[in-house]
Every structure is written in structure tokens, then in C-alpha cells.
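Work through the exercises below with the sequence and the model open. Try each task before reading its solution.

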Amino acid sequence: MGTLTSAKPILAIAAALMLSACGGGFGAGGGTNAGALPPGHPESTTGTGSSVWDIFKPSDAGTNVKVNKYIWNASLDVLNFLPVESVDPFSGVITTGYGRPPGGGSAYRATILVSDPALEARSLNVALQTRNGPVSTATARAVEDAILARARQLRVADARF
């Protein structure tokens, strides 16, 4: 325990030194003359230069989601008995953990890929597996058909409004 408590001040000093290296200088003669730099120069405070803090600014470039919202929502509706482990609407992947369907005996998990913004069967790919391995193609096709049918229902309901 003594080694850990003596390491804390060393880590704090190292962190302070790393952060102080990020500064552009303080006071007279310490660093560059930011006013003499042209606008847009990375070290200029008056230009449009970038900094480390730019990663926290929202950017609207390339944030369009390229998946069909009806297929996406239908996938979550149809497979709602499976616990969702991860979702990525930008790549169109939904990954679930193992779960048992209502009235079913076998536990399944699924990986769903929504690859296109069109409401078509080619936009959907479902990979199902049990604890013993992948399921039959007919079972995966039946789940895909159920998801597509639900997606069409959502689309029709949305068109009414």
C-alpha cells in the first residue's frame, strides 16, 4: 500500500507537466506572439485554428444515418425479448445477447445489419445463433420476414399522419 500512495504525487506532477506543455506561453517572452500570426494559423487565437477542445464541439459533417428507420425500429420491436448489447445506427448494426422467445425453449442471440436506407429485403441481414451454433436458414428467414412485415406496418402507420 505504501508504494501506491507514494506514486500518487508522482502521477500528479507528471500530469501537471504534460498539461503545462500544452500552453502557448505566459507573460512577456514566453511563447509566440499570437497577434502576429495570420488568421487560420493553428497557434493563432484570432483565426479559425483547431485545438484539442474541438473534439468536444458538435460537428454536422458526415452525421447522416444511412439506415432505414422502419427496419431499424421493427428489428427492435420483433426481437424485443433479446437484451440489446450494442447499437450503432451509423454502421447499422444491432447486437443482442442471449434471450428466450415467449413460449420458446431455446435461447437465441442475434446480430442485425441494416445496410441501406431503402425499405427492401436486401437492406436487412439477420444472423441468429443458439448456444449450440447458428440456426437454420429457414429460421433466420422467418425472423427477417417478421421484421420486414413489421417495418411495412410502421411505414403505413407513419404515412397516415
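**Exercise 1. Strand pairing**

Task: Find how many bridges join β2 to β3, and which way the two strands run.

Solution: This is a predicted model. Count the bridges from β2 to β3: there are 3. The two strands run antiparallel. Move on to β3 and β4. Here 7 bridges join the strands, again in an antiparallel arrangement. For a pair to inspect, V114 stands opposite L124 in β4.

**Exercise 2. Helix α2**

Task: List the buried residues of α2, then name the elements they pack against.

Solution: Start with the range: α2 covers residues 69-78. Apply the cut-off: buried means under 20% relative accessible area. Y70, I71, W72, A74 and S75 qualify. Residues three or four places apart in an α-helix point the same way, because there are 3.6 residues a turn. Next, trace the partners. Finish at the start of α2: a side-chain oxygen of N68 comes within 2.8 Å of the backbone nitrogen of Y70.

**Exercise 3. The whole chain**

Task: Give the order of helices and strands, then the share of buried residues.

Solution: Count the elements: 3 helices and 5 strands. Read along the sequence, they follow α-α-β-β-β-β-β-α. Of the 161 residues, 22% are buried. The accessible area is about 11,300 Å², and carbon and sulfur atoms account for 59% of that.

Terms used. Residues numbered from 1 in each chain as written. Predicted model: local features only at pLDDT ≥ 70, side-chain atom pairs only at ≥ 80, totals over all residues. Heavy atoms only, no water. Buried < 20%, exposed > 50% of the residue type's maximum accessible area, 1.4 Å probe, protein only. Helix = DSSP H or I, 4+ residues; strand = E, 2+ residues; numbered from the N terminus. Contact = heavy atoms within 4.5 Å. Polar contact = N/O pair within 3.5 Å; in protein donor to acceptor, adjacent residues only side chain to side chain. Pairing = 2+ DSSP bridges. Areas by Shrake-Rupley, 256 points an atom, 1.4 Å probe, with all protein chains shown as cover.
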